[in-house]
Amino acid sequence: MPKPAHAPSYYAASAHPQPARPALQHDIQVDVCIIGAGFTGLSAGLHLAEAGFKVAILESALVGWGASGRNGGQIVNSYSRDMDVIARQYGATTAQALGEMAFEGNRIIRERIAQYQIECDLKNGGLFAALTHKQMGLLAAQKALWERYGHTQLEILDQSAIRLAVDTEVYIGGLLDHSAGHIHPLNLALGEAAAFESLGGVIYEQSPVTQIVRGTTSTTTPQVKTATGSVNCNFVIVACNAYIDDLVPELAAKTMPCGSQIIATAPLGELAKQLIPSDYCIEDCNFLLDYYRISTDQRLLYGGGVSYGAKDPAHIESVLLPNLLKTFPQLAGVNIDFAWTGNFSLTLSRLPQMGRLGETIYYSQGCSGHGVTFTHLAGRLLAEAIRGQTQRFDAFAQLPHLPFPGGRHFRVPLTALGAWYYSLRDKLGF
Ligand SMILES: Cc1cc2nc3c(=O)[nH]c(=O)nc-3n(C[C@H](O)[C@H](O)[C@H](O)COP(=O)(O)OP(=O)(O)OC[C@H]3O[C@@H](n4cnc5c(N)ncnc54)[C@H](O)[C@@H]3O)c2cc1C
């Protein structure tokens, strides 16, 4: 079988060298078997290894091969659903529990980087940029909401202040989250993998899981099978997110894989500092949003576009370059060195899904586009639950996991129709 490769991204081209991680070739016994070596699996594995568990991670392709090694690298706090909607739909107690955890994933990332000395180009500051007065009002409300749950490193920027942070005329203001930031996501994943291995954890790459034989802790324990080996264990964590395919059909049925794309310009030198003098990462407030930042070697990494159902777009550059030039007309004629796509997992509620199947299979999926921080929190909560501390895990697990209307055949056109409606509202400014 040919060795899988990372997506042709700027991140893959600037990744730190890695040790060989052979495929699983025999039958092994561990406490916990994790399926998927993205941020969810790596975070859970590292928390469990720190707590003394014997853990193996099975990965279809390579560490960070999925969304975790391809994303915008934006450390965005909270969830893809606002806290007021959570309070309205699920009650004040749930909102309080989720609100208190809304910035924890960010802190975990920073702890990991510091503790394990992970070189992944961490920079501070993240900006939500408003294109309309309505969006500006929503940002002010979001600031007040987050502050209610104790998250205070937030600042409203007016038009002249945002212009000092990012040199474009398209925004009328924004919300600066001083505690946010950005990273080279693939190098963060690779650094977390090395930290996990330093504590005795083992990662098998090129080891697609073909079957999970479920067990119950009281009678039989589960077994996880690949084509060339198996893992006997007490617990399984499914961390496959948008790449789950048919491995666990009941999990795949409650999410929809969606593609997002990124382009990376050639290095811009001094011009990069003029475009984003603050060096913050930026995302706009549209329903189908654009997100961008400057890399350590002074490229503009510009992302956006959503393909429901995760069909790879034919010409990524032609989808994103017009948006980039609308934001920064001064880049007309710029060379694009990299263009890539990746899949994230969308849920109907836009909230992540975390839970148990029977007594021994745990899962977390569906961060709905904002997963860099949540996946790190998810790893901690999964590890807590396996250690028997379920209170914070249950705050998520008790949320209803609704299937998309239309089932697997019609969920894509129906969701695309909804998105078209909301993006039309953005275009018309209401
Ligand atoms: C282009 C893009 C940009 C994004 N930008 C941002 C951003 O800037 N900020 C943000 O917060 N979020 C962003 N996201 C979302 C974020 O990247 C994801 O939510 C997060 O990385 C999901 O991590 P994960 O570990 O759950 O899944 P993944 O990283 O996708 O990992 C799942 C892994 O499971 C493996 N796998 C699947 N099936 C099997 C199997 N049968 N056997 C073994 N292994 C298997 C896959 O190979 C994969 O490596 C972005 C997503 C994309 C696609």
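Trainee: Which domains does the shell around the ligand draw at least three residues from?

Mentor: The shell takes at least three residues from each of domain 1 (10-70 + 186-254 + 350-399) and domain 2 (123-182 + 256-346 + 408-430). The domain bounds come from an automatic or database domain assignment. This is a predicted model: local features need pLDDT of at least 70, side-chain atom pairs count only at pLDDT 80 or more, and totals for chains, interfaces and linings use all residues. Residues are numbered from 1 along each chain as its sequence is written.

Trainee: Which residues come nearest to the ligand?

Mentor: Of the 44 residues around the ligand, Gly36, Gly38, Gly66, Gly72 and Gly371 come nearest. A residue is near a molecule if its C-beta atom, placed from the backbone, lies within 6 Å of it. Helix H2 (39-50), strand S13 (256-265), strand S17 (336-346) and helix H12 (372-386) each give two or more residues to this shell. Helices (H or I, at least four residues) and strands (E, at least two) are DSSP runs, numbered from the N terminus.

Trainee: How many residues of each class does that shell have?

Mentor: The shell has 21 nonpolar, 21 polar and two charged residues. Ala, Val, Leu, Ile, Met, Phe, Trp, Tyr, Cys and Pro count as nonpolar; Asp, Glu, Lys and Arg count as charged; the others, Gly among them, count as polar.

Trainee: What is the contact between domain 1 and domain 2 made of?

Mentor: Domain 1 gives 14 residues and domain 2 gives 14 residues. Two residues are in contact if their C-beta atoms, placed from the backbone, lie within 7 Å. The side of domain 1 that touches domain 2 has seven nonpolar, six polar and one charged residue. The two domain centres, taken over C-alpha atoms, are 29 Å apart.

Trainee: Why is strand S5 (residues 123-130) called largely enclosed?

Mentor: Seven of its eight residues are buried, so the rest of the structure largely encloses S5. A residue is buried if 20 or more other C-beta atoms lie within 10 Å of its own, exposed if 12 or fewer, and partly exposed in between; C-beta atoms are placed from the backbone.

Trainee: What makes S5 a partner of strand S7 (residues 173-182)?

Mentor: Two strands pair if DSSP finds at least two bridges between them. S5 and S7 have seven bridges and run antiparallel, so they meet that rule. Ala129 stands opposite Gly174 in S7. S5 also has four bridges to strand S14 (residues 281-284), and these two run parallel. There, Gly126 has Cys281 as its bridge partner.

Trainee: What makes the phi of Ser78 worth a look?

Mentor: Most residues other than glycine have a negative phi. Ser78 has a positive phi of about 70° although it is not a glycine. Gln206 has a positive phi of about 50°, and it is not a glycine either. Gln206 lies in the loop between strand S8 (202-204) and strand S9 (209-213). Gln206 has 20 other C-beta atoms within 10 Å, so it is buried.
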